[in-house]
There are 4 protein chains.
Amino acid sequence: MSRKLRMGMVGGGAGSFIGDVHRKAAAIDGMIELVCGAFSSTAEKSIASGIALGLDESRCYGTFEDMIEKEKALPEDVRMDFVAIVTPNHMHFPPAKMALEHGFHVVSDKPVTLTLEEAEALEKIVGKSGKLFALTHNYTGNSMVKQARAMVAKGELGSIRKIQAQYLQGWLSTPLEKTEQKQAAWRVDPKRSGIGGALGDIGTHAENLIEYITGLKIEEIAADLGRFGEGRILDDDGNMLIRMENGAKGTMSISQIALGEENNLGIKVYGTKGSLEWYQENPNELITRWLEAPKKIYTPNGNGLHDEALAVSRIPAGHPEGYLEAFATIYKNFATHVNAVYEGKSSDTPDYPTIADGVRGMKFIYAAVKSDTNNAAWTKI
Amino acid sequence: MSRKLRMGMVGGGAGSFIGDVHRKAAAIDGMIELVCGAFSSTAEKSIASGIALGLDESRCYGTFEDMIEKEKALPEDVRMDFVAIVTPNHMHFPPAKMALEHGFHVVSDKPVTLTLEEAEALEKIVGKSGKLFALTHNYTGNSMVKQARAMVAKGELGSIRKIQAQYLQGWLSTPLEKTEQKQAAWRVDPKRSGIGGALGDIGTHAENLIEYITGLKIEEIAADLGRFGEGRILDDDGNMLIRMENGAKGTMSISQIALGEENNLGIKVYGTKGSLEWYQENPNELITRWLEAPKKIYTPNGNGLHDEALAVSRIPAGHPEGYLEAFATIYKNFATHVNAVYEGKSSDTPDYPTIADGVRGMKFIYAAVKSDTNNAAWTKI
Amino acid sequence: MSRKLRMGMVGGGAGSFIGDVHRKAAAIDGMIELVCGAFSSTAEKSIASGIALGLDESRCYGTFEDMIEKEKALPEDVRMDFVAIVTPNHMHFPPAKMALEHGFHVVSDKPVTLTLEEAEALEKIVGKSGKLFALTHNYTGNSMVKQARAMVAKGELGSIRKIQAQYLQGWLSTPLEKTEQKQAAWRVDPKRSGIGGALGDIGTHAENLIEYITGLKIEEIAADLGRFGEGRILDDDGNMLIRMENGAKGTMSISQIALGEENNLGIKVYGTKGSLEWYQENPNELITRWLEAPKKIYTPNGNGLHDEALAVSRIPAGHPEGYLEAFATIYKNFATHVNAVYEGKSSDTPDYPTIADGVRGMKFIYAAVKSDTNNAAWTKI
Amino acid sequence: MSRKLRMGMVGGGAGSFIGDVHRKAAAIDGMIELVCGAFSSTAEKSIASGIALGLDESRCYGTFEDMIEKEKALPEDVRMDFVAIVTPNHMHFPPAKMALEHGFHVVSDKPVTLTLEEAEALEKIVGKSGKLFALTHNYTGNSMVKQARAMVAKGELGSIRKIQAQYLQGWLSTPLEKTEQKQAAWRVDPKRSGIGGALGDIGTHAENLIEYITGLKIEEIAADLGRFGEGRILDDDGNMLIRMENGAKGTMSISQIALGEENNLGIKVYGTKGSLEWYQENPNELITRWLEAPKKIYTPNGNGLHDEALAVSRIPAGHPEGYLEAFATIYKNFATHVNAVYEGKSSDTPDYPTIADGVRGMKFIYAAVKSDTNNAAWTKI
């Protein structure tokens, strides 16, 4: 019988956006329970956050090192099963490495690390540890994204010829980092974000979504990055040409200065037999087009879906699922996998993003920055 | 400091739709924990369901009576705080009554009871018990519904003149109750559903939404009900004229034989200064129209919202929240209220549907059936 | 070989909305040419309007009587072929009668006459004259409306069970008739509009659309009319229950005080096999729903259409056609019929609304007013 | 008083798509009358087409040379006022040149000529002739495009930072040119289309729309063209990065192999104060986003429009105008200008695309092809 997994969290103290998202997402399906955390940079703040979350004070730690060591020392049926890392990018690698090396599974926010070198190092560490590692490219958890991927995989769209992807936000249209806004401050700071700004924060989601849905690798890109916010060192906008390994071509546009856009991740994929279109702001709708039939619109748990899409719908058709539910699917599939490992089942690996996706994302960031430095010259990923 | 509330559940065993929804909704905000349940009609099934949910076998009960009595006997810091009732309609009243009389708060699915008499009896029981009672008219938990209500309350739409409401589903287009489908079977059975079919299942949601958003009572209705499914005794369709207490007029259309409709609850409200339009299948959008300004679209956590709407958004604009999140808001506000009571705070009552909404819903069902019997004659609610 | 028809117009002088619409609609397909008119109530104004339209002064008449007589006296290859009547309602019958009795075909705006008696008289006159009579229920000219009708007629939706129709405008939300606005003034005046206000102006369009698409007659209605504008005698709002001849039920909602609505005519039709939905503000899209297949969206000249829909599309898919094009289709089919008559072809009657639709519309208005007078009692049409 | 202009047409015989569009567009506003044409490559076909259009046989010519010479010889009050050129691209320049040199105004379809050299030569000819020349970049005739341009011009969007434009069709997804389809055959043939395929047919519309709305020139592009149809020499797909003269960046994506897309021209423009979004398939809606206000949707003749948008709406809000109406606006403004010239009025030049737009479009095509040849290197327009 599967048991409820115990989660320890690194980051995500009071005022954090993404920490709260991870906690809610982990809670929805009743498979995971938060038991401990190193939520903040000081022990006092961490304890305050943990208590507000209903944790026992004894399991609110001042540092992730402390948490990993002390949890390791607890009895097996008490200690955390895995660590969820929800810190800014520069603090992804250290706790991930230590957790894996101490025998804990890991869920990490993206991009996987600060640098490509760290990502590649982490890939080796994961391999050596034999532990599971999930990366929260949450949008791949959407039912309609699963349907899209399944349709392409089954050949229903034919051979893919053209792709358009976008991830458009407007929240950095103004110099928000010069206010008290903590979310903005670290995202525009190379020390905490790495060499990519919007590239790392949202670009990797778009890159991952393209490759996830099409099952094809992006081979090379030509990237023209923008730094529109006064004084910004990192990109806050990017326009790219892409070429896929099979000869398909396309564009990718990302931005955090697309004023008025909220969280407009979208993709269009055109094949020789059919096409599809999906937007995460309206996630319960997959638009498909066909050579001879009228446009068809799929919905979660609606008519005509593949099993892959049905598997992740929690509620009947017409009951919209959103961002948290898709995020929760990453946790759910990860938890299912952890339990399968515990139970010694040689199961098929459930579908969630892994360290390989993380390395791929870092390569994408590096290729984009290199291309931009060379005036948008074609650059292999 | 608020503490996590302990929930006991009546109904919601394996295969239940709404039980699972209640559990997920209660879990999202981390304020509530399922500790016990009488999930099914036999002890064996109940225990199996409870264990699958990670409960201790000792707290999986064979009957709600057993659960209420045994939990009452547990130490105060262990026993459940409240009972969530997720059974078919005929099994709402008995556990609600018993729970309240044993000092437990109650969350109940709608319609509140099988009959109007029960509803009125329950209203008295709630009053006498001094306990809290929440009814899960979940759609009022949507951020955009809160915004709509706030806009009307602040007079931004002027005086309301016209209303159109609809709740359209198509899942009973075929005689599903003649298959193994459990959801269909009890809904078309007067013994388990009461005198209303679609009226009780979805009509009360529409009625509640109209009164919630406009702050006005429906004064009288003229209802023409349909029973399209072969052999159906209860309505599976209804078309109604409505007159509001302030002189506004409108229509309400409900159906479970509107083939192809998934869960299309929607409302349009027209005033002397502005108008609004909202659909639960696309819940992250509130459409408003104005005498001299262009159409404006509000989004959760987006620009220009009232505090009432901001208060229930969990994630930044553009990150869609759906059915479960709105449902969770009912639980969250209920839990907040329970904790306030525990802490002796004379707080304002948080906003969630109560027994009064339940009685109102039953009166609506009775008025509709009476009107229909009289060939759609005007009937006071 | 078909020849260009010569049109004479009654009404439609400077400042008229609908006269201009008729002229543009008649021009689009190059089958009709405006040659004369009695555009206004005085000869001076009429001549000024005619000259501005490029007409010869000699064919700008001061009264319709003058026009009909003088044109009749012209050589056959010069005189007008038909009269287009675009006056307020009270001025439909007199010129229609005289034109028919003088051997001219007629195109008339709706509602067909001021009173039901006139409509029935006109029906006899048309029959006796042997001339053609078209009524501009323009929305039935839309490609997607033709597709909808064809789908129902071919049984693709199965048996019709439920209908929702609406025609919502907001332009009379304020007392516009108390300003200089000519359009408003006559529409709220029983002497010029007849016994129906919104009923005649837009309600008949909704009624006609229901019967056109479903091929079913509305058997009886229960109408609750509103007169929200201060001092208004005629309805400016209406909510109705409808029962179709085959047992289908539904609602119809019309309004000219639905603030912010522009011209929102829409219909939903639910059958036992499929359903459809269409809105004239977004006319290039027909939404259909199915028992087991996903939602399908048809577009003009797009994939999967019936011949009836293809026949009225002028341009390739994706090139939107709008209000004028649908209006033009009425003229086009009328002109085709007139030419067929001239050429002695015993052709199938092309598809356009006729005097029978006009009589039907008047009966609808009368039934609605009677029902409303009896507190929304069921009233046969 | 303005008089009706007389139009002669080159091309547009039976079976032509665009010829029929020009005729309908020219007819809508009643300002233009077709009087003659050289519709086809043989005199017989030309006469047959002309007679079917209701022309006098004497004015149906076998060649454009014949038409221009013979019309020139007619009395001034009989001869055509201007020539409309609706042939494939390679036949734009010769009749345009001859018409201008014989004193006729010209309306031409786009792209303006076969080659850039011809375009530049034509620009000189137009200048020397003193005649008017209109290019049918029809989409700029849409009311909402006018509104968009006006909003940018008045600074309401602030400084423009980012642009996304697309023009997506799918009709050449299959090798249609190998069938009898005449539309496809010439478009994939360099002899008749020039060096651009999709670039010339639809790319120039996108380029023109960007520059029209933003009032900014595209400075350089990096173009990656596709030739997906087997054996195609010309591009049938293109992905481009663009840089505007003011430092704004963006993407442009065009395609005729985007399977299932009908005629999806769209644009998004992001500024420092506001943003806008428009699609020609849904032309009656302009979506705008703002720093602090909710999204606002403008509609033709709706609330809050600038005069530039109001000027081109023919019918009240909510009555959709489409492709033909926007096309007609080009003709209307051209006709207004011609009449102003006739009347000796030193009027402001009405707003329609001219030879300068034509030269600009050819430069765009040439830059795109050059960039593509150089592996998408940045190329100045």
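In helix 6 of chain C, the buried residues (those with 20 or more other C-beta atoms within 10 Å of their own, where 12 or fewer would count as exposed and anything in between as partly exposed, C-beta atoms being placed from the backbone) are Ser143(C), Met144(C), Val145(C), Lys146(C), Gln147(C), Ala148(C), Arg149(C), Met151(C) and Val152(C). This is a predicted model, in which local features need pLDDT of at least 70 and side-chain atom pairs count only at pLDDT 80 or more, while totals for chains, interfaces and linings use all residues. Residues are numbered from 1 along each chain as its sequence is written, and chains are lettered from A and ligands numbered from 1 in the order in which they are written.

**Confidence**

- Chain A has an average pLDDT (the predictor's confidence in each residue, from 0 to 100) of 96, and 99% of its residues score at least 70.
- For the complex, the predictor reports an ipTM of 0.95 together with a pTM of 0.97.

**Overall form of chain A**

- Chain A contains 12 helices and 14 strands, where helices (H or I, at least four residues) and strands (E, at least two) are DSSP runs numbered from the N terminus.
- With a radius of gyration, taken over C-alpha atoms, of 21 Å, close to the 21 Å that the globule rule (2.2 Å times the number of residues to the power 0.38) gives for 381 residues, chain A is as compact as a globular protein of that length.
- Taken along the principal axes, the box filled by the C-alpha atoms of chain A is roughly 65 × 50 × 35 Å, and 63% of the 381 residues of the chain count as buried.
- Among the contacts in chain A with a separation of 6 or more (two residues being in contact if their C-beta atoms, placed from the backbone, lie within 7 Å), 69% join residues 24 or more positions apart.

**Domains of chain A**

- The domain assignment, whose bounds come from an automatic or database source, divides chain A into domain 1 (5–131) and domain 2 (142–315 + 360–380).
- The centres of domain 1 and domain 2 of chain A, taken over C-alpha atoms, are separated by 27 Å, and 13 residues of domain 1 are in contact with 14 residues of domain 2.
- The side of domain 1 of chain A that touches domain 2 of chain A has 7 nonpolar, 5 polar and 1 charged residues, given that Ala, Val, Leu, Ile, Met, Phe, Trp, Tyr, Cys and Pro count as nonpolar, Asp, Glu, Lys and Arg as charged, and the others, Gly among them, as polar.

**Chain C against chain B**

- The contact brings 33 residues of chain C to 33 residues of chain B, and strand 9 of chain C gives the largest share of the side of chain C that touches chain B, with 5 residues.
- By class, that side of chain C comprises 11 nonpolar, 14 polar and 8 charged residues.
- Because 100% of the interface residues of chain C are also interface residues in chain B, the copies meet through the same surface.

**Chain C against chain D**

- A rotation of 180° with 0.0 Å of shift along its axis also places chain C on chain D, with an RMSD of 0.0 Å.
- The contact involves 32 residues from chain C and 32 residues from chain D, and helix 1 (17–28) and helix 11 (323–342) of chain C each supply at least two residues of the side of chain C that touches chain D.
- Helix 1 of chain C gives the most to this side, with 6 residues, and the side as a whole divides into 14 nonpolar, 9 polar and 9 charged residues.

**Local features**

- Since 9 of the 11 residues of helix 6 (residues 143–153) of chain C are buried, this helix is largely enclosed by the rest of the structure, and just after it Gly155(C) takes a positive phi of about 80°.
- Helix 4 (residues 93–101) of chain C has Phe93(C), Pro95(C), Ala96(C), Ala99(C) and Leu100(C) as its buried residues, with helix 3 (64–73) and helix 5 (116–129) of chain C among the elements that cover them.

Key. Least-squares fit on C-alpha atoms with pLDDT ≥ 70 in both.
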